[in-house]
Structures are given as C-alpha cells and as structure tokens.
Amino acid sequence: MGNRRITKKAIKGKENLHPSSRKAAQLTRVNLRVDKLKSQAKARKDYADAKLQRPLFFLHSLSSPHPLSLPSLKALITEVYLARFDSRIEELTAERRAGRPKPKELLELEEIKKREKNDYESGMEVPDLTHAPTTRLMYHWLQSETSINLSHIDLLRHIRVSPNGEVILTKKGRGEEMGMGVPLPGEVEGKADDWTELIKEDNDKNKEMDIEE
C-alpha cells in the first residue's frame with residue numbers, strides 16, 4: 001500500500017501488532033516520519049495550528065502523486081483519520097480508576113472524535129485527493145520538504161465528502177493553473193494507495209475472531 005506519511009496515532013491496535021504484519025511495518029515508517037518532523041521546529045508549530053491539522057494529515061497520507069479513488073478516500077477518512085485517537089482513548093480509559101472522573105485529555109479526545117464523526121456524517125471538507133493536479137501539487141510539497149502554511153492550503157482544491165451523499169466542490173484550487181495537470185518530471189505510472197484494504201483487513205480480523213469464539 002505504499003509508504004504512508006501519516007501520524008502515529010492513525011494506526012489502530014498498534015500495541016498488539018505482529019512484528020511481521022503490514023501495520024507493524026506501517027508503524028515503523030510513521031515513527032521515522034515523526035522523528036523527522038520533531039527535528040523541524042517550524043513544522044511542529046504549523047502542525048499544531050488547528051486550521052492546518054486536517055490538511056496536513058491528508059498531505060502526509062500521500063505516498064505517490066497519483067489520485068485516490070473516491071472509495072479509497074472515504075476509507076482513509078473513516079479507517080485512519082477518524083480513528084487516529086482511538087488507541088489513546090483506549091489507553092486513557094483503561095488507566096482510569098473506578099469512580100474517578102475522566103481526565104481532561106480523555107474528555108477532549110472524545111469530544112474531537114464525536115465532533116469529527118458528526119462533521120463527516122453531514123459532509124467533511126478535505127483536500128480533493130481524487131483530483132490528480134491536487135495530489136501532484138501536494139506530493140511535490142512533500143518531496144521538496146516544503147514548510148506548509150495557510151497560504152499553501154488555499155491553493156488546494158477541496159471537496160465536501162459524506163458517507164452516502166454526493167461529493168460537493170467547495171474550493172476550486174489552483175493546481176491546474178500551476179502546471180500540475182500534467183505528470184511531474186520523473187513521475188512513474190502507477191496507482192495510489194488503496195485504503196479500502198484497511199476495511200478488508202479489519203473485516204477479515206473480525207471473521208477470525210468470530211471463528212475462534
């Protein structure tokens with residue numbers, strides 16, 4: 001599924017990974033990416049900016065300049081983006097002693113998850129990773145290690161996506177105007193990551209658990 005530049009908390013169930021599993025390899029790649037980000041003060045500052053968090057997440061999810069299919073983008077949203085705090089929520093819940101109030105961090109993460117889930121149900125605005133000029137522009141920034149700020153985000157085409165509703169264009173973006181309508185120099189033909197495989201993996205895991213029971 002390619003080298004994914006995503007946050008560490010995006011990987012569900014990372015504590016119980018088999019060392020040779022696909023997700024274990026994914027976690028290793030994310031750790032390397034996190035270490036690199038920690039060495040860049042400006043990247044840390046920008047990543048903490050609430051207005052940049054979502055676009056940066058989708059930026060770092062790219063492993064190639066190739067656009068995703070719509071089902072793949074939706075799977076990236078549901079299986080990775082909306083689930084990125086799940087493991088931490090589980091950790092804090094397990095650490096909480098009986099009768100004690102929920103810690104502040106747990107309350108905040110639960111609120112974020114609830115708000116973002118509702119946001120997706122009604123239509124979540126994200127960079128259009130199904131649009132080739134947009135993914136090329138974003139991947140170019142990754143390859144050149146561009147420090148992303150709000151002016152960069154304004155250049156991206158955005159769409160509003162929901163589980164069952166139609167896709168709505170919310171920002172046209174300027175990728176095509178910037179020459180990203182044609183392949184990048186040295187770009188090799190190929191396909192983007194298929195994030196729907198994560199859904200298949202989870203379904204297969206659930207089937208195995210049912211059989212064991």
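Glu177 is exposed, with a relative accessible area of 59%, and Arg174 is partly exposed at 43%. Here buried denotes under 20% relative accessible area, exposed over 50%, and partly exposed the range in between, with a 1.4 Å probe and protein chains only. Because the model is predicted, local features need pLDDT of at least 70 and side-chain atom pairs count only at pLDDT 80 or more, while totals for chains, interfaces and linings use all residues. Residues are numbered from 1 along each chain as its sequence is written, and side-chain values use heavy atoms, with hydrogens and water left out.

The count of salt bridges comes to 10. One of them joins the side chains of Glu116 and Arg84, at 2.8 Å from N to O. This pair links distant parts of the chain, 32 residues apart: Glu116 lies in helix H6 (residues 104-122), and Arg84 in the loop between helix H4 (70-81) and helix H5 (86-95). Helices (H or I, at least four residues) and strands (E, at least two) are DSSP runs numbered from the N terminus. Both partners are buried, Glu116 at 9% relative accessibility and Arg84 at 8%.

A salt bridge also connects the side chains of Asp86 and Lys113 (2.9 Å, N to O). Asp86 lies in helix H5 and Lys113 in helix H6, so this pair ties together parts that are 27 residues apart in sequence. Asp86 is buried, at 18% relative accessibility, whereas Lys113 is partly exposed, at 31%.

Helix H6 has 19 residues and spans 27 Å from its first C-alpha to its last, close to the 27 Å expected at 1.5 Å a residue, the expected span being 1.5 Å times one less than the number of residues. Its buried residues are Leu106, Leu109, Glu116 and Tyr120. Seen down the axis of H6, these residues fall within an arc of 105°, so they line one face of the helix; the arc is that of the directions from the helix axis to the C-beta atoms. The face turned away from this buried side carries the exposed residues Lys104, Lys114 and Ser122. Just after H6, Gly123 takes a positive phi of about 125°.

Methods: A salt bridge is a side-chain nitrogen of Lys or Arg within 4 Å of a carboxyl oxygen of Asp or Glu.
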